[in-house]
Amino acid sequence: MEKLLLSDLKHLLQQPKAIGIVPHKNPDGDAIGATLGLYHYLKKLGHKVTVIAPNDYPDFLKWVPGEETIVKYDTEKEKATALIHEAALLFTLDFNHLSRVGGDMQNVLEKISATFVMIDHHQQPDTYAAYTYSDVGMSSTCQMVYHFLERLEAIDSIDPTIATCLYLGIMTDTGSFRFRSTTSTTHRVLADLIDRGADNTTIHEKVYDANSFSRLQLMGVALRNLHVLPEYKVAYITISQKELYDHDFKKGDTEGFVNYGLSIKGVVFALIFIENEQEKIIKISLRSKGAFSVNEFSRNHFEGGGHHNAAGGKSDLSLSATVDKFISILPSYKKELNT
C-alpha cells in the first residue's frame, strides 16, 4: 500500500465508526486469525467492529479469542446484512475477489457504499477496494496484518490476544512453517508474537491435537482412496458424499488430507476431490512442489485459483467424471511435470 493511501487510511481510523471485517467462504485458520486479530486492534481504537463470516468454520478454530462474536451470514442473514449496510469501512481479508464470499453475500457487498480495504496475499487481486494491500509473496494474511499494524505505527498495540490470533494464521497457512513462503522475516514476526504473548505450544495443540475418532477413520478412507500416477508424478484422493456421511463428517475434517499425496517420494502434484451434494459440486484442493503452478492449472480447468503451490477449484461434474476429466488433461502437462 502506497504511503499516501496508508496515511489517508490512518486518518480514517482516527475517528470511531462502524467497521465490518469479512473473510472468505469456508474460512480457514489464516482467515479467522487475520479477521479476529484486526478486530481486537480496531476495538482498541474505539470502533464498533463486527466480523461477518459467509458461513461456519471448523471446530478446531472455535477457541480463538473473540470467535464467539463472529456473525455468520448463512444462518444470521438479516443481522449480517444490516451490519454490512451499517459499515462505513469494510475490510476484506484473505481473499481478493468478492465472488469468494458466495452468491447472496456477494450481491449485498457489491451494492453497499462502504469504503473497502483489501488485505490479501493471493494472486491476481480485483480492483473493488479503495485501499489495497496485496503481497503474493507473503506467507499469510496474518503476517500481512502484522506488517499493516507496523506501517500504522501500532505494533505496540499487539497484546497476547492479538498475538495469538496472528500466530495461528501464520502457523496454519505455512503448514507449520515448512512452505517456501516462510521467510526469515516470517520467523522474526513469529518470534515477536511469542514475545508479545502468543503461546505457540498451546496454539499448535488446539489446532492439531483436537482430532475426533471419526476424523481419523475418515483419514483412513482417504488413504485407501489414494492413487498415484507415476508417469505424471501425480497423486490424488477421492472422497464421496457417502464416505463423508459414514464417518460423521464435520467441516474441517478433510483439512490437510491432500498433503499426504504430496508427501509421497517423487510426487510433485497432489489433489483431493471431495463430493459435496449440498452445493452440487466436487470441491478440489490442489498442492504442488517447485515450479508447477496449481494456481494456473486450477484457473484454466477447474474455475479456481489461489497460490503458486496451493490452490482450490470446483467441478459441476460427478466425482468419477471429474477425475476422468482431470486424468484426460494430464498428458498436456507431462513434460512440465517431469521437468
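User: What covers the buried residues of helix 12?
Analyst: Welcome! This is a predicted model, in which local features need pLDDT of at least 70, side-chain atom pairs count only at pLDDT 80 or more, and totals for chains, interfaces and linings use all residues. Helices (H or I, at least four residues) and strands (E, at least two) are DSSP runs numbered from the N terminus, and contact means heavy atoms within 4.5 Å. The cover of the buried residues of helix 12 includes strand 9 (269-276), strand 10 (281-288), strand 11 (305-306), strand 12 (310-315) and helix 13 (319-329).

User: Which exposed residues does helix 12 carry on the face turned away from its buried side?
Analyst: Buried means under 20% relative accessible area, exposed over 50%, and partly exposed in between, with a 1.4 Å probe and protein chains only. The buried residues of helix 12 (residues 294-301) are V294, N295, F297 and S298. Down the helix axis these fall within an arc of 165 degrees (taken from the directions from the axis to the C-beta atoms), so they line one face of helix 12. The face turned away from that buried side carries E296 and N300.

User: Which elements are among those that cover the buried residues of helix 4?
Analyst: Start with the residues themselves: M105, Q106, V108 and L109 are buried in helix 4 (residues 103-111). Their arc, viewed down the axis, is within 160 degrees, so these residues line one face of helix 4. Among the elements that cover them are strand 1 (18-22), strand 2 (48-53), helix 3 (77-86), strand 4 (89-93) and strand 5 (115-120).

User: Is helix 2 roughly parallel or roughly antiparallel to helix 6?
Analyst: Axes are lines fitted to C-alpha atoms, for helices over the stretch in contact, and angles run from 0 to 180 degrees between N-to-C directions. Angles under 35 degrees count as roughly parallel, over 145 as roughly antiparallel, 65 to 115 as roughly perpendicular and the rest as oblique. Helix 2 (residues 29-44) and helix 6 (residues 160-173) have axes that come within 7 Å and cross at roughly 160 degrees. The two helices are therefore roughly antiparallel.

User: How many nonpolar, polar and charged residues are in the contact of helix 2 with helix 6?
Analyst: The crossing of helix 2 past helix 6 is left-handed, a term for a near helix turned anticlockwise from the far one by less than a right angle, with clockwise being right-handed. Helix 2 contributes G29, D30, G33, L36, G37, H40, Y41 and K44, and helix 6 contributes T161, I162, C165, L166, L168, G169, T172 and D173. Ala, Val, Leu, Ile, Met, Phe, Trp, Tyr, Cys and Pro count as nonpolar, Asp, Glu, Lys and Arg as charged, and the others, Gly among them, as polar. By class, the contact has 6 nonpolar, 7 polar and 3 charged.

User: How many of the residues of helix 5 are buried?
Analyst: The buried residues of helix 5 are T141, C142, Q143, M144, V145, Y146, H147, F148 and L149. Helix 5 is therefore largely enclosed by the rest of the structure, its buried count out of 11 residues being 9.

User: Is helix 5 oblique or roughly parallel to helix 6?
Analyst: These helices pack at an angle of about 140 degrees, and their axes are 7 Å apart. That angle therefore makes their arrangement oblique.

User: How many nonpolar, polar and charged residues are in the contact of helix 5 with helix 7?
Analyst: Helix 5 (residues 141-151) packs against helix 7 (residues 184-195) at about 70 degrees, with axes 11 Å apart. The two are therefore roughly perpendicular. Q143, Y146 and H147 of helix 5 meet T185, T186, V189, D192 and L193 of helix 7. By class, these residues divide into 3 nonpolar, 4 polar and 1 charged.

User: What is the relative accessible area of N26?
Analyst: N26 sits in the loop between strand 1 and helix 2. Its phi is near 55 degrees, a positive value in a residue other than glycine. N26 is partly exposed, and its relative accessible area is 28%.

User: What is the relative accessible area of D248?
Analyst: Look in the loop between helix 10 (241-246) and helix 11 (258-262) for D248. Although not a glycine, D248 has a positive phi of about 50 degrees. D248 is partly exposed, with a relative accessible area of 45%.

Technical notes:
Residues are numbered from 1 along each chain as its sequence is written. Side-chain values use heavy atoms; hydrogens and water are left out.
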